[in-house]
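Please examine the side-chain contacts of the structure shown below. The paragraphs that follow treat aromatic rings, a disulfide, a surface patch and charged pairs in turn.

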Amino acid sequence: MPRRSPPLWLLATSATLSAVAAAQGGAPDALEEVVVTAEKRAESIQEIPIAITAISGEALQALNRDDVAAIATQTPSLAYSEAGGESQIYIRGVGSNLFSVGADPSIAINLDGVYLGRSNMGLTQFLDVERVEVLRGPQGTLYGRNATGGAINIYSRMPTESLEGYGTLIVGSDDRREVNAAIGGPLGEVWSFRLAARGLKDDGYTENLDPSGGKVDDNDLKAVRGILRYGTDRFRATLIGDYSEFDSGNTSIKPRNDGLGLAQSAGASVPASIHETRLNFPSFFVWQTGGITANLDWELSQAVSLAAVLGYREWDSDFLFNTDGTEIEVTRTTQLYDTSQYSAELRLTGEHGWGRWIAGAYWLDEDKFGGLGLVRAGFTNALANRPPAIIPSSVFPPRTFVFLSQNDGRASAVFGQVDFSLTDQWTLTAGLRWSDETKDDSTYFVTLLPDTELLGLYSPRPLPPRPAPGPTNRIDSKSWDAFTPKVGVEWKPGEDQLYYLSWSKGFKSGGYNAFQTTNPVYDPEFIKATELGAKTQWLDDRLRLNASLFHYDYTDLQVSTFLNSLTLTTNAAEATIKGIEFEVQALPVENLELQLAATFLDAQYDRFTTVYGNCTAANQALDPRCLGRAGQVRLIDASGKTLNNAPDFKGTASARYTVPLAAGGRISLFGQVSHQGEVFFNADNSPSMTQDAYTVVDARIGYETESGALSVALFAKNLTDEEYFHNIVQFTSTSDTALDVFNVGHALGYPAPGRQWGVEVRYSFGR
């Protein structure tokens with residue numbers, strides 16, 4: 001099939017690149033083909049009518065990134081943050097800031113084909129990774145539940161036909177010590193294996209100036225994975241088992257200068273540096289996670305294949321947090337989280353002269369238990385320096401309350417998709433998924449009397465007995481079902497060109513707020529997405545240009561706010577998201593690779609009235625929204641406001657240059673610049689809940705022997721030591737009620753790491 005002529009601007013680019021190449025005396029190589037399994041079958045990323053970013057394990061190593069946060073810099077449409085021991089992932093402005101066992105994420109994370117019901121389960125599985133695929137936009141047909149904003153697929157390295165392996169040692173800033181190792185190969189004619197392990201320790205990127213408080217933002221991680229594979233010409237079975245455990249002094253949180261902090265009123269001193277804190281007691285965050293996966297693949301005929309994915313996963317965590325982030329005893333948060341899940345997916349695929357098809361069924365059973373405890377001091381001594389008229393003794397009496405929640409979920413689905421070849425150039429796609437979900441919830445509220453032992457509590461264990469159902473308890477069950485279709489058309493006028501137009505629907509399950517028993521069940525959220533995209537390669541495959549234009553009709557989105565020290569979860573009315581994104585990869589000259597990716601986003605609420613504080617007789621005159629509403633909640637109109645974690649611009653540019661040495665071996669230079677625009681963390685877009693735009697620079701220089709067996713590298717992350725918060729929250733439990741007149745809560749931010757550096761030595765064999 002003849003290739004179409006590129007547009008004029010590409011011809012100009014070609015002339016420029018050719019001139020540079022001639023000056024350098026070398027001819028560029030072709031870009032490497034990237035094979036993914038985004039549509040449940042292996043194919044080139046350039047052949048799939050979906051916006052996808054694929055990151056190889058080698059690229060993650062070059063970036064020295066080792067978790068889901070790593071791919072945020074490589075995927076401009078993805079924003080990542082953490083709070084309360086839980087991850088918050090957004091793609092194109094779609095995500096969730098909901099916590100607790102009754103809530104679900106908006107981005108589906110899949111590990112070796114198994115859906116992870118809790119995003120935390122995938123935070124540390126960047127152990128011996130083959131690649132990570134980020135599918136942008138609703139994936140309701142093939143991925144189903146909770147893939148409203150997209151899906152992240154993590155794939156482990158599989159056993160190889162010959163013996164190979166590696167060992168890596170890393171030392172660096174914050175007293176970092178890390179070891180990674182893997183080995184794999186054949187065990188006879190039909191069996192093969194792979195083993196991988198990782199250990200990481202560091203002292204944390206935040207210094208605690210209070211010697212009684214211990215470490216924060218530190219890591220102590222151990223992880224192991226084993227894979228056993230059996231394979232013949234027509235059948236393959238892969239068994240994967242993994243386990244990880246983590247122990248740290250938890251994360252730091254920094255009071256923002258909003259003038260509302262109770263600890264500041266009591267004389268707390270907040271260090272000027274974002275990476276210094278004063279915490280008066282040792283906090284911690286410990287967890288264990290692991291599971292078993294079985295992947296079975298049968299080739300029933302030359303045209304039809306059958307696949308089964310069976311999985312068991314579990315997560316167990318224990319958490320103690322200095323909620324106010326100071327040396328003054330204000331409040332402590334404890335949280336328990338235990339979950340286990342069983343899942344199974346069966347897929348039948350076929351490929352024929354007229355096109356191809358896939359049909360399948362899915363099942364999930366998830367059992368979750370959570371406990372949240374809030375320990376509050378009485379401030380009799382802490383506020384002795386404050387005039388009683390300003391801080392009456394009745395403010396924040398000492399008490400502890402605990403929420404206990406058991407939330408069990410069951411989900412099942414059937415799905416199918418057909419790609420019908422209309423002509424050699426045109427293909428029509430139609431798909432449909434039916435999902436059925438049920439959640440059983442039992443949530444209890446327990447108030448405990450304060451005492452010395454309780455105020456020194458590190459964890460709410462042993463838990464108090466569950467009381468009988470009453471007005472402060474909730475026992476409920478709810479079911480939902482949804483159809484999520486997809487239709488699309490793709491046009492392939494040339495070998496290296498694909499243009500597509502699609503319409504799809506995404507569905508996220510409803511749920512329960514486990515931190516507020518009077519909060520009624522909230523409904524599912526839906527997205528209807530229209531996307532126009534292009535995937536092209538030019539200049540003899542030395543230039544790759546992919547772009548997409550998208551529009552979302554987002555309804556009933558689940559939003560969480562704070563009210564009276566507790567969370568409140570509701571369904572927002574409507575929002576519209578629209579944007580454009582592009583990815584460029586080029587080999588302008590020999591040994592030089594350039595990449596550029598960017599997203600321009602406009603994500604706003606169309607209609608949304610939500611609670612933001614309380615109205616009293618005293619504050620009515622301060623806000624017209626409170627006039628005549630004394631004793632009621634304060635309502636704000638968020639229409640026209642920007643959605644959470646949805647920067648209007650996010651982009652990344654990188655360059656990698658390899659210098660061959662005359663004596664053998666090579667030196668590689670890598671640099672990356674990532675920029676994120678202004679981000680809001682609440683529906684009101686409050687200044688105290690806003691992170692300004694920031695830019696992060698990463699760099700790496702390495703040497704590799706001619707055989708590739710030995711390599712040494714020096715790397716730096718956040719080279720300019722940019723200070724920013726990856727998340728900002730508001731807690732009414734930490735605010736001074738004399739100053740927080742609307743009871744909206746005191747703002748606190750989670751600092752992102754500052755400058756970090758390290759040296760990596762790696763030995764590989766069998767490549």
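Phe649 is partly exposed, with a relative accessible area of 25%; this term covers the range between buried (under 20% relative accessible area) and exposed (over 50%), for a 1.4 Å probe and protein chains only. The model is a predicted one, in which local features need pLDDT of at least 70 and side-chain atom pairs count only at pLDDT 80 or more, while totals for chains, interfaces and linings use all residues. Residues are numbered from 1 along each chain as its sequence is written, and side-chain values use heavy atoms, with hydrogens and water left out.

Across the whole structure, a search finds 19 aromatic pairs. Rings of Phe, Tyr and Trp (for Trp, the six-membered ring) pair if their centres lie within 6.5 Å; planes under 30 degrees apart count as stacked, over 60 as edge-to-face and the rest as tilted. Phe246 and Trp287 have ring centres 5.3 Å apart and planes at 15 degrees, so this pair is stacked. Phe246 belongs to strand S15 (residues 235–248) and Trp287 to strand S18 (residues 284–299), so the contact ties together parts that are 41 residues apart in sequence. Strands here are DSSP runs (E, at least two residues), numbered from the N terminus. Both Phe246 and Trp287 are buried. For Phe600 and Phe649, the ring centres are 4.9 Å apart and the planes lie at 45 degrees, so the pair is tilted. Phe600 is in strand S31 (residues 592–607) and Phe649 in strand S34 (residues 649–660), so parts 49 residues apart in sequence are tied together. Phe600 is partly exposed, at a relative accessible area of 40%. Ring pairs also link Phe246, Phe285, Trp287, Trp315, Phe319, Phe321 and Tyr750 into a cluster.

What lies over the face of Tyr143? Lys40 does, at 4.2 Å from the ring centre. Arg332 is placed over the face of Phe281, at 3.7 Å from the ring centre. For such a contact, NZ of Lys or CZ of Arg is within 6 Å of the ring centre and within 35 degrees of the ring normal.

The search of the whole structure finds one disulfide, a term for cysteine sulfur atoms within 2.5 Å. Cys615 and Cys626 form this link, with their sulfur atoms 2.1 Å apart. The angle about the S-S bond is -75 degrees, and the link is left-handed. Cys615 counts as buried at 2% relative accessibility, and Cys626 is buried at 0%.

Charged side chains supply 36 salt bridges, each a side-chain nitrogen of Lys or Arg within 4 Å of a carboxyl oxygen of Asp or Glu. Glu581 and Arg136 meet in one of them, at 2.8 Å from N to O. This pair links distant parts of the chain, with Glu581 in strand S30 (residues 574–586) and Arg136 in strand S8 (residues 129–136), 445 residues apart. Both Glu581 and Arg136 are buried. Arg474 and Asp441 form another salt bridge, at 2.9 Å from N to O. Here Arg474 lies in strand S24 (residues 474–494) and Asp441 in strand S23 (residues 426–448), 33 residues apart. Arg474 is buried, with a relative accessible area of 8%, and Asp441 is buried at 1%. Salt bridges that share partners join Asp104, Arg118, Arg145, Glu366, Lys368, Glu437 and Lys439 into one network.

Notes:
Helix = DSSP H or I, 4+ residues; strand = E, 2+ residues; numbered from the N terminus.
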